[in-house]
Amino acid sequence: MSKPAARAAALRAQLAYHDHRYYVLDDPEVPDAEYDRLMRELRELEAAHPELVSGDSPTQRVSGTPSTSFAAVVHGVPMLSLENAFEDTDVVDFDRRVRQRLGREGANEDEGANEDEVEYCAEPKLDGLAVSIRYEQGVLARAATRGDGTTGEDVTANVRTMRCIPLRLSGAVPAELEVRGEVFMPFAGFRRLNEEAAAAGEKLFVNPRNAAAGALRQLDSAVTARRPLAVFFYAAGTWRGSGEPATQQQLLAQFNAWGLRTNPQARVVRGVGGCLGYYRALAARRDSLAYQIDGVVYKVNRRADQEALGQVSRAPRWAIAHKFPADEALTILRTVEFQVGRTGVLTPVARLDPVMVGGASVSNATLHNMDEIERKDLRLGDTVIIRRAGDVIPEVVRALAERRPAAARRIELPEYCPVCASPVARVDGEAAARCTGGFICAAQRKEALRHFASRRALDIEGLGEKLIDQLVERGMIATPPDLYALQLTELAALERMGEKSAANVLAALERSKRTTLPRFLYALGIRDVGEATAAALAAHFGALAALRAASIEQILEVPDVGPVIAAHVHAFFAAPANRAIIDRLIAAGFNWPEGAPTARAKGALEGVTVVLTGTLATMTREAAGAALQALGAKVSGSVSKRTSYVVAGEEAGSKLARARELGVSVLDEAGLAQLLRGERPASQA
């Protein structure tokens, strides 16, 4: 190694060490002036010898070229949400479910020790922005936001500017490692940021969470570099290489050894008594912490137990978030507006005098439905208590009747839709009121079309909210089939389109015609039919014609479809307008592979363990997982010798390699379709 190269390597090592001492351990060894001197020397050395510049050099943290957009990133392992607990009894119930599933029913909820008690790792629940960071051979390769849990935004350039995140991990690391953490802004940094904004006459940030989220999603990473962001890491996603730690506690210790900062408040506790004790102790110290938290997260400590417990839908069974009591404030209810959703439901929304609640300015709150308004006896002009339920959703708790003014007026359900003037109807036994206008209602029309084009439905790229608004408002489209009659010239004439953009939209529309039956059914927007139900209907009937002709009794034979959903499905296909829309879509060229109908027993896949990996073309992994679970299968997040099948979509990674290593049967999407018909196929991929 040449003398300049050796000196550059030594400087990079020193700066990485001092970054770790300052940003991770909060225990700097040298003054800022000495750090700056080392950085200047490295910059000068790299300027004189450009061949020495490396991607993990601390001089490369700040990008000089703003981005125009964020690329989509599909997470190798989904970033799941957590179920919430708001009361102690919710935690007791969670612990009971965990013990039952682990075969420890003999344990009790007493505060005293019990050999059957489950060990949990408890840590503060930060109010920030979740990120996923992938390291390859120990070097930071990519960073992404959580997004919808399946797909996030590529924020690699911005994350590289954060000195609390190492560009290269220390010690021996897996060949490929994905870590999850929470990016946040400490209170001190938030106050300093707002002081600087005030001095410059700029708009102030409402709370640290919004400031952190905005900083991480800056198109110019140089702006991110100037924001006082911090991070705590708490979980691993993809892990390919050396053995994984046996417990959550050991995982956090390993993170620290690599230079990844974890929350020093994390503790291992035993049983529900230990969880609640940790919760109360942290709640008492909440105001003394340097950052904003909104609760506590409990995770089963043994990672083998986590795997055994698995997940449901988008949440793991082995973890729960215990939220702190919500903040409350008083304000005036000025008026109520009724918003119309995709299915025609009218949702009353309270318009309030703006008030700060839990660090955020609140001026609107949902009132859910008329039954809720009547139960709470709310009147226009009332002084009301506002709560941010779970520190997120603004909620009107109740009115202060003693402060009610004489001029307060009752809130009335409108007789006619505020959008299309069609009659509003309330079905006996239902809380919801609905506009009867259907596709003649612009609000329903727009929402139905947005749903039809959405990523999880027909994924029509370029057909976004603003374009749909223009098309509906100009009378160019009213129902989905109208999309497929659009011409290049009329599309190109719209605002912010042009011929190239219009051609791209038409090409996306053409591609959307080749789809799958589950996606098509989901895209139709049948009331209460989500992705999992659409997949179950498609697998059960095999063909659209069979489903269209099915009676309510036949639809009820589909696993996990009850009387209400069966009635909605039957009514949808019985309606002449809906049948006409479907016929027009088929005539426009919609097609998909159809299978033979099969009547599946609910337990057809009992005892089968399935791992889903990669990107599926026919449905999301969440929908596939839910449909498999409806048949009795266990859907796991990791591959082991006990795994029955690994379903591998596009860009399948370490799980596919692990399956082949262990000799586990690997299926493609044709194999998945067989599973969803209750069959047990042979390996196909």
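Colleague: What share of the contacts between residues at least 6 apart in sequence join residues at least 24 apart?

Modeller: In this predicted model, the share is 66%. A pair counts as a contact when heavy atoms lie within 4.5 Å.

Colleague: Let's look at one residue. Why is S636 called buried?

Modeller: The limit for buried is under 20% relative accessible area. S636 comes out at 5%, and therefore counts as buried. S636 sits in strand 24, which runs over residues 634-636.

Colleague: Which residues does S636 touch, not counting those up to four places away in sequence?

Modeller: E307, T609, V610, V611 and L612.

Colleague: And how do you know that helix 23 is mostly covered?

Modeller: By counting with that cut-off: 8 of the 10 residues in helix 23 (residues 621-630) are buried. Among them are R621, E622, L628 and A630.

Colleague: What covers those buried residues of helix 23?

Modeller: The cover includes helix 18 (531-541), strand 23 (609-613), strand 24 and helix 25 (669-676). Just after helix 23, you will find G632 with a positive phi of about 100 degrees.

Colleague: Now the interior. What makes a set of residues a nonpolar core?

Modeller: Its members are buried residues of the nonpolar kinds, joined through side-chain atoms within 4.5 Å. The largest such core here has 51 residues, and L483 and L521 have the most contacts inside it. Helices 12, 13 and 16 are among those that each supply at least two residues of this core.

Colleague: Which residues does L483 touch, leaving out those up to four places away in sequence?

Modeller: L449, F452, L463, L471, I477 and L509. Another core, of 37 residues, lies apart from the largest one, and includes F70, A143, L216 and A266.

Colleague: Last one, on charge: how many positive and negative side chains are there, and how far apart do the centres of the two sets lie?

Modeller: There are 84 positive and 86 negative side chains, with the two centres 2 Å apart.

Definitions and conventions:
Residues are numbered from 1 along each chain as its sequence is written. This is a predicted model: local features need pLDDT of at least 70, side-chain atom pairs count only at pLDDT 80 or more; totals for chains, interfaces and linings use all residues. Side-chain values use heavy atoms; hydrogens and water are left out. Helices (H or I, at least four residues) and strands (E, at least two) are DSSP runs, numbered from the N terminus. Buried means under 20% relative accessible area, exposed over 50%, partly exposed in between (1.4 Å probe, protein chains only). Lys and Arg count as positive and Asp and Glu as negative; His and the chain ends are not counted. The place of a charge is taken as NZ of Lys, CZ of Arg, CG of Asp or CD of Glu.
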